[in-house]
Protein chains: 2
Amino acid sequence: MKILIVGASGTIGSEVTKVLEDNNNEIIRAGRNGADVTVDHTSEESIKKMYETVGKVDAVINVSGGANFASISEMTPELNQRGIDSKLKGQINLVLLGKDYVNDGGSFTLTTGVMMDDPIPLGASAAMANGGVRSFVKAASIEMPRGIRINSVSPNIVEESWERLGGFFAGFNPVPAKRVALAYKKSVEGAQTGQNYEVY
Amino acid sequence: MKILIVGASGTIGSEVTKVLEDNNNEIIRAGRNGADVTVDHTSEESIKKMYETVGKVDAVINVSGGANFASISEMTPELNQRGIDSKLKGQINLVLLGKDYVNDGGSFTLTTGVMMDDPIPLGASAAMANGGVRSFVKAASIEMPRGIRINSVSPNIVEESWERLGGFFAGFNPVPAKRVALAYKKSVEGAQTGQNYEVY
């Protein structure tokens, strides 16, 4: 399979790349400093250019996207906008602008996150984006054209990020990024659609 | 209680108004053609102006917000933008810009919808917005300041809209708007927070 991974160099993205490379797939690494193709998924023009460069693929995976961490007391529409532009719209636009580039029976796999199910302080904007993506995936799955599937993966905080981010996740039990990566493999190489794989 | 209802004149909004008026609350009706105060919740400036006009309240209810209905094949980032600006950001900005206008122990009640749980064709953009609001509410509830609560109500298609919209909801069992309105009353006059009341 020809698999486009947006955010391939990140903590989870690099494990996703590894677990899919094992299977003799052709991987195209995309990202802001993508090894094979650069893309800023907050820009529609940049997404279009990426797809034009890459051409037809069998699977699109997105493991990129951010949101600002701020308490509700400090949160403003401006701070919330990053979650909307990046983690929410960025991911959805990869689907809306990419659906014609995915072969029949191919797949999209997006990324949500545990904070929507198990909220943490400062995480409301990220939770909003995660919840929006999960519901979009579930609803879009019933009418994707040409047998194209769509799922999302909802990772817990990963062990590899624990030292940097663990302070935000009191009492959480981090999971290895390798285990999270398996859910992307299940989405791409399996046959399910409309799922949000919780790796908690 | 002083209760600000955005979208008070709509199908559900008017029932919410009725069920809360029964209890000798002071209701302020807001909306694009609001009886008491006008607001366009897709505009931050308009939201700010509304709160400055109304002043302190005990509860803010939003029953307004839209999204474009389009199949995934036809959906574009532009068509999806209405759901983001109106049903998603519009509701969240009512909270972010209004939190200082809500009295201690007051509440926000937003509106999601059944399509995020029970998807229908053409409904992915609305589902996205609904899911984003639900997750924002859940996450925001754990850190709202001064004992302010926040919930959402997720209505099924209502009987009053069945003739106009029933064609989109094959096999759904519509509920009376009056029953949906009770969930808003529970949110405002009860003590729960972080809930998404499903009226299915």
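Hi everyone. Two strands count as paired here if DSSP finds at least two bridges between them, and helices (H or I, at least four residues) and strands (E, at least two) are DSSP runs numbered from the N terminus. With that in hand, let's look at chain B: 7 strands form an open sheet in the order S3-S2-S1-S4-S5-S6-S7, and the pairing is parallel. Strand S3 (37-38) and strand S7 (196-199) of chain B sit at the edges with a single partner strand each, so one side of each has no neighbour in the sheet.

Before I go on, a word on the model. It is predicted, so local features need pLDDT of at least 70 and side-chain atom pairs count only at pLDDT 80 or more, while totals for chains, interfaces and linings use all residues. Residues are numbered from 1 along each chain as its sequence is written, chains are lettered from A and ligands numbered from 1 in the order in which they are written, and side-chain values use heavy atoms, leaving out hydrogens and water.

Back to the sheet of chain B. Strand S4 (residues 57-62) and strand S5 (residues 102-111) of chain B pair in the parallel sense over 4 bridges, and B:Ala59 has B:Ser107 in S5(B) as its bridge partner. Helix H1 (residues 11-21) of chain B packs on the sheet and touches S1, S2, S4 and S6 of chain B, its direction making about 170° with that of S2(B). Contact, by the way, means heavy atoms within 4.5 Å; axes are lines fitted to C-alpha atoms, for helices over the stretch in contact, with angles from 0 to 180 degrees between N-to-C directions. Helix H2 (residues 44-54) of chain B packs there too, touching S1, S2, S3, S4 and S5 of chain B, at about 155° to S1(B).

Now chain A. Its open sheet of 7 strands has the order S3-S2-S1-S4-S5-S6-S7 with parallel pairing. Here A:Ile61 has A:Thr109 in S5(A) as its bridge partner. Helix H3 (residues 77-96) of chain A lies across S1, S4, S5 and S6 of chain A, running at about 175° to S5(A). H4(A) packs on the sheet as well, touching S5, S6 and S7 of chain A.

What about salt bridges (a side-chain nitrogen of Lys or Arg within 4 Å of a carboxyl oxygen of Asp or Glu)? A:Arg146 lies in the loop between helix H4 (124-140) and strand S6 (149-155) of chain A and A:Asp104 in strand S5, so the pair ties together parts 42 residues apart in sequence.

Last, the interface. How many residues does each chain bring to the contact? It takes 41 residues from chain B and 41 residues from chain A. Together the chains bury about 3300 Å², 65% of it on carbon and sulfur atoms; buried area is the accessible area (1.4 Å probe) that two parts lose on being put together, summed over both. B:Ile72, B:Pro77 and B:Glu143 supply 20% of the area that chain B buries against chain A, more than any other three residues. Across this interface the rule finds 0 salt bridges. On the side of chain B that touches chain A, helix H3 (77-96) and helix H4 (124-140) are the elements giving two or more residues, and H4(B) has the largest share, 11 residues.
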